[in-house]
Amino acid sequence: MADSSFDIVSKVERQEVDNALNQAAKEISQRYDFKNVGASISWSGEKILMQANSEERVTAILDVFQSKLIKRGISLKALDAGEPQLSGKEYKIFASIEEGISQENAKKVAKIIRDEGPKGVKAQVQGDELRVSSKSRDDLQAVIALLKGQDFEFALQFVNYR
């Protein structure tokens with residue numbers, strides 16, 4: 001019998017982020033506390049730009065955007081938001097969406113699987129994802145449960161379970 005396997009990835013659906021951004025923009029345009037403060041949220045290339053005329057308002061925009069991401073099922077670990085910066089008369093926050101598992105993070109996950117996971121489970125790094133394979137599907141289920149119990153600084157998804 002062939003080995004069973006699954007991949008560990010850190011991906012974000014761009015369309016879901018776009019939907020969350022549009023929902024946040026709509027709420028910002030309608031909310032009373034954002035009237036006449038120049039509040040806006042939009043894409044700026046690959047980054048997300050939030051701006052308003054005070055630091056509190058721009059932080060509130062970030063909060064609205066984060067709540068919309070959560071409602072759409074996107075982990076906040078994938079959002080990398082900077083600090084509010086003063087630019088002329090406006091405060092701005094640039095945020096980016098982190099995707100892919102870096103080499104050192106992939107090695108950390110592989111080490112946890114080797115040390116704490118069931119015997120006979122192999123983990124190998126393939127670019128920005130991690131392939132986990134084993135003869136037993138039950139062992140793979142145990143690895144998924146083990147990794148879900150860990151707290152990483154990046155979002156994990158389990159795909160291609162065969």
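**Exercise 1. The end of the chain**

Find where Asn160 sits and say what sets its backbone apart.

*Solution.* Step 1: Asn160 belongs to the segment that follows strand E9 (157-159); strands here are DSSP runs of E with at least two residues, helices are runs of H or I with at least four, and both are numbered from the N terminus. Step 2: its phi is near 55 degrees, which is positive although Asn160 is a residue other than glycine. Step 3: Asn160 is partly exposed, with a relative accessible area of 38%. For the cut-offs, buried means under 20% relative accessible area, exposed means over 50%, and partly exposed lies in between, with a 1.4 Å probe and protein chains only.

Before going on, please keep in mind that this is a predicted model, where local features need pLDDT of at least 70, side-chain atom pairs count only at pLDDT 80 or more, and totals for chains, interfaces and linings use all residues. Residues are numbered from 1 along each chain as its sequence is written, and side-chain values use heavy atoms, with hydrogens and water left out.

**Exercise 2. Another positive phi**

Locate Asn36 and decide: is it buried or exposed?

*Solution.* Step 1: look in the loop between H1 and strand E2 (40-44), where Asn36 lies. Step 2: its phi is positive, about 60 degrees, and Asn36 is not a glycine. Step 3: Asn36 counts as exposed because its relative accessible area is 78%.

**Exercise 3. The whole chain**

Describe the order of elements and the overall dimensions of the protein chain.

*Solution.* Step 1: count 4 helices and 9 strands. Step 2: read them from the N terminus as β-α-β-β-α-β-β-β-α-β-β-α-β. Step 3: along the principal axes, the C-alpha atoms fill a box of roughly 65 × 25 × 25 Å. Step 4: the radius of gyration is 20 Å, whereas a compact globule of 162 residues would have one near 15 Å; this radius is taken over C-alpha atoms, and the globule rule is 2.2 Å times the number of residues to the power 0.38. Step 5: 36% of the 162 residues count as buried. Step 6: take the contacts between residues at least 6 apart in sequence; 61% of them join residues at least 24 apart. A contact means heavy atoms within 4.5 Å.

**Exercise 4. The largest nonpolar core**

*Solution.* Step 2: the largest core has 24 residues, and Ile41, Ile48, Met50 and Phe65 touch the most other members. Step 3: at least two residues come from each of helix H1 (14-30), strand E3 (47-52), helix H2 (55-71) and strand E6 (90-97). Step 4: H2 gives the most, with 7 residues. Step 5: for a local view, set aside neighbours within four places in sequence; Ile41 is then in contact with Leu21, Ala24, Ala25, Ile28, Ile48, Leu49, Met50, Ile61 and Phe65. Step 6: apart from this core lies another one of 19 residues, including Ala106, Leu130, Val132 and Leu156.

**Exercise 5. Val9 and Gln51**

*Solution.* Step 1: Val9 is found in strand E1 (residues 4-9) and is buried, with a relative accessible area of 4%. Step 3: Gln51 lies in strand E3 and is buried at 17%.

Methods. A nonpolar core is a set of buried Ala, Val, Leu, Ile, Met, Phe, Trp, Tyr and Cys residues joined through side-chain atoms within 4.5 Å.
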